[in-house]
Amino acid sequence: MQRREELPLAHLLLQAGRAFDAALREELAARGWPRLSAAQSLVFAYLDRQGTAPAELARRLGTTRQAQQDLVAGLVRLGLVETVTDPARRRGRLVRLTGSGRALAADAGGVLAGMEEELGERVPALRRLLAEVTGVAGRWRRAADGEAPGGLGATAD
């Protein structure tokens, strides 16, 4: 087994994100909220305030429309989200939080703020580093899509 300092950065980032999410879900369950799966908690992260079209939600989740529908159906049964008519598109639908879902999201925000508080003065530096990591990953993605200007391989000659 590799020591933590030998693990690839991507692995450590994934572990950290999963650990934060697991701790959040456990705390919310301890506070009386329904026990959510990791996949269900991701839905909350990707919903817009006014609601999100199912196809867009599937894209954001990186999953199929059917898998997204299954996740949403489970959250509907728990009373945390609902599907409503999209006022901007005929026959369109939106997935949005219910009142209970908004209350859960607000409680989750408080839990996450408490977790960040434990990191103290390191939070601003961590935010900067994570923004840099995101930027590097974005450049690699654009380069893989064939965008040369400003991507990988671009030189500052």
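Biologist: On what basis are the values given?

Modeller: This is a predicted model, in which local features need pLDDT of at least 70, side-chain atom pairs count only at pLDDT 80 or more, and totals for chains, interfaces and linings use all residues. Residues are numbered from 1 along each chain as its sequence is written, and side-chain values use heavy atoms, with hydrogens and water left out.

Biologist: At what angle do helix α1 and helix α5 pack?

Modeller: Two packed helices are described by the angle between their axes and the distance between the axes. Here α1 (residues 9–30) and α5 (residues 99–119) pack at about 125 degrees, their axes 10 Å apart. Helices are DSSP runs of H or I of at least four residues, numbered from the N terminus. Axes are lines fitted to C-alpha atoms over the stretch in contact, and angles run from 0 to 180 degrees between N-to-C directions.

Biologist: Which residues make the contact?

Modeller: Contact means heavy atoms within 4.5 Å. From α1 come F20, A23, L24, E27 and L28, and from α5 L104, D107, A108, V111, L112, M115 and L119.

Biologist: Is Q40 buried or exposed?

Modeller: Q40, in helix α2 (residues 38–46), is buried, with a relative accessible area of 13% (buried means under 20%, exposed over 50%, with a 1.4 Å probe and protein chains only). Leaving aside neighbours within four places in sequence, Q40 contacts R35, L71, G74, L75 and L78.

Biologist: What follows α6?

Modeller: G146 follows α6, and the phi of G146 is positive, near 90 degrees.

Methods: Helix = DSSP H or I, 4+ residues; strand = E, 2+ residues; numbered from the N terminus.
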